[in-house]
Amino acid sequence: MGQSDRTATSHSLLLKALPKDPAMDPAGQRLAELVNGIAGKKVPVSSFARIWSLGSLNARLTAGYFAYWLRSLFVGQDERQRLKSEAHLAAALKLFGTMGYLRGAVMKIGQLLANLPEVVPEEFAEVLSALHFEAPPMHYAMVREVVLDEFGREPEELFAFFDREAFAAASLGQVHRARLKSGEEVAVKIQYPGIARTIRTDLRNFRLLLQPLCLTSDWQNTLDKLADIEQMLLMETDYEQEAYFNEKARELFTEADRVVVPQVYGEYTTKRVLTTDYLAGSHLDQFLSRNPSQDERDHFTTLLTVATFRAYFQRHWFLADPHPGNFIFMEDGRLGLIDFGCTRIITDDEWELIRDLERAILDRDEAGLNRIVATACLFDDPEQIEPERLDVVRRGVCWSMEPWLHEGLFDFGDREFFRRGIDNLMEMTRKRYTRGNPLYLWSNRFIFGGRAFCCRLKGRCEFRKIYMQELAWVHPDAAGTKENKGC
Amino acid sequence: MRISEQAKQESRARILEKAAELFIDKGFEDTTTRDIAIAAGLAAGTMFNYFPSKETLGMSLVTEALHTGIGDFHCRRTGDEELSEELFLMINSGLRRLRPLRSFLGPVLERSLSPFPRKNVCQEGETARCEHLKAVQQIIGRHGFTEAPDYVAMTIYWSLYLGILAFWTNDTSPNQEETQALVDYAVRTFVQVISGSEKEALHGAE
């Protein structure tokens, strides 16, 4: 295939996968041209970085989503202002293309930005899964240096066997298969050198560049969210922290639960290297390609629901990176959970607010719900919230709680249901009703990511029953409370 | 009295060892040749028979470390590496050997490896440069380049390498991990220059 053919194919793939703006760019053509234009442009200072980061279609796609998010801020501007804003956008995108000397960081930040609720991901599930399992950018010589620095020994000396080829991209690194000298098959996650600094620098540059675009009243809230993203990303650079989350998660499940969290090998784990059991099994795409029965689909949906509720109620966690690569469909019917780097701990105040919200919905307490929505949208006084904002946000909350209210099997494969959630998110974005506690970045990611997964899985489960069971673990009396009586 | 070759080698090794200790403890600038001679149990005059200046001494430490690093590289290379990967491995093997000396290397490298015209070229520095570039040429030769790279390519390489050394001596990140990223970048830049295409540099991007 010639160069021009490849370019054309790449362009059409990009065009297909990019979000479309019904008002400004219904075919997505302008957005694709903008992103491609920047990808093809020589950037004098750091053209090298450009080759690295916008070289791949996936990177361009991420840039496209980012651009889409930014452009949504121009809605309502006059033509002159819009042109000016687009010039800023081009500059911001150019930075996006050059930031980070390692594509891993670009992809990770791209993913997270694409998950800001301001972004409208139409093909949410497909795009998220496309962004994972990138070809790993670290060659083996670099992996060896990291291992040597962390353990004072070469990978071949440390392990009985170490696969030089990575088998997966992971949080800010890549994963290699290996075997311990004691015989266990393990997965060794290796972090890109110097990633933390890249993250800090990139996000600082972002803030600087976005400033002219975002002089809205909610700009401070966007900054707060970016700060939250930065903090979470930096937390993800500490694999010892992740090992801790992993072990705490592991304690939550018994054999009877059929949910497996791999064991961490502390002796082979540092801040930059994480070694856990290797879980054999398939990822979502492989699982689906075998055309599984409805029972199998329901079974895994049930396990996933149990697992997330347990982490939620017992640990007050959002497993905020629910992408398909983190779930393993094991041959014996167990569900493997891996990668706890992006675990957002819900603070006590946040927990109270969320639980109040849940109770208000379950109790059908209209006034209470309005008050809590206003608080969540950062209004001091419930009277201040505009009626339209209240309506849109409330619909979003109710959508996220629908399965909680549903008796019997809930069908997550119902595309219409998923679509309504996405439509609500789009409406919130268009109307700029996205102001809120940064926690909602992660709860949105958690809810939409998990539901997109189950939607693709076409799975069903007794969601409400599982909710009540898991709640009863922590609040044994809760089953008899008003909250859990008929709704 | 004639001293044996073995005794000479022992004295030389002792001077280098003591010099390294003092440079690390007191810094390069604040250590005098007299301090080193005393620590090594030699008269200052005798020491000059081995090393004519403090700079030569400092650079001898570097040259030896880099030489050992090239040896390490040969042991470590598997033969499966791509060009940029092999260069990365060679540079990092050298840096690893230099690491114990890192705290005082800034002024040593500046004086001995400066690419600017000087009255007195540091012979030790020249030796290190020639050995390093020879190793680079051998690596390039193994990857299908039949002609030796011209002076432009090698000047570019050396400039990048000096930049890496300068960055590395200032790098405060854990295990100088930011330097590793820089080495990776620099090596890919160089490979792109000599291969005249983006193919190698782009490897893995699509």
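Modeller: Let us begin with one pair of residues: A:Arg177 stands opposite A:Ala187, which belongs to strand E3 of chain A. This is a predicted model, in which local features need pLDDT of at least 70, side-chain atom pairs count only at pLDDT 80 or more, and totals for chains, interfaces and linings use all residues. Residues are numbered from 1 along each chain as its sequence is written, while chains are lettered from A and ligands numbered from 1 in the order in which they are written.

Biologist: Which strand is joined to E3 of chain A by seven bridges?

Modeller: In general, strands of a sheet pair through backbone hydrogen bonds, either parallel or antiparallel. Strands are DSSP runs (E, at least two residues; helices are H or I, at least four), numbered from the N terminus, and two of them pair if DSSP finds at least two bridges between them. Here strand E2 (173–179) of chain A is joined to E3 (185–191) of chain A by seven bridges, and the two run antiparallel. A:His176 has A:Val188 in E3(A) as its bridge partner. The two strands form a hairpin with five residues between them, and in the turn A:Gly183 has a positive phi of about 105 degrees.

Biologist: What is the strand order of the open sheet?

Modeller: The order is E1-E2-E3-E5 in chain A, four strands with antiparallel pairing, and the edge strands, each pairing on one side only, are E1 (161–170) and E5 (273–277) of chain A. E3(A) and E5(A) are paired over five bridges, where A:Val186 has A:Asp277 in E5(A) as its bridge partner.

Biologist: How many residues of E3(A) are buried?

Modeller: A residue is buried if 20 or more other C-beta atoms, placed from the backbone, lie within 10 Å of its own, exposed if 12 or fewer do, and partly exposed in between. By that count, six of the seven residues of E3(A) are buried, leaving the strand mostly covered.

Biologist: How is chain B divided into domains?

Modeller: Domain bounds come from an automatic or database domain assignment, and for chain B they give domain 1 (1–51) and domain 2 (53–202). Their C-alpha centres lie 27 Å apart. Two residues are in contact if their C-beta atoms, placed from the backbone, lie within 7 Å, and 11 residues of domain 1 of chain B are in contact with 12 residues of domain 2 of chain B. The largest share of the domain 1 side, five residues, comes from H1(B).
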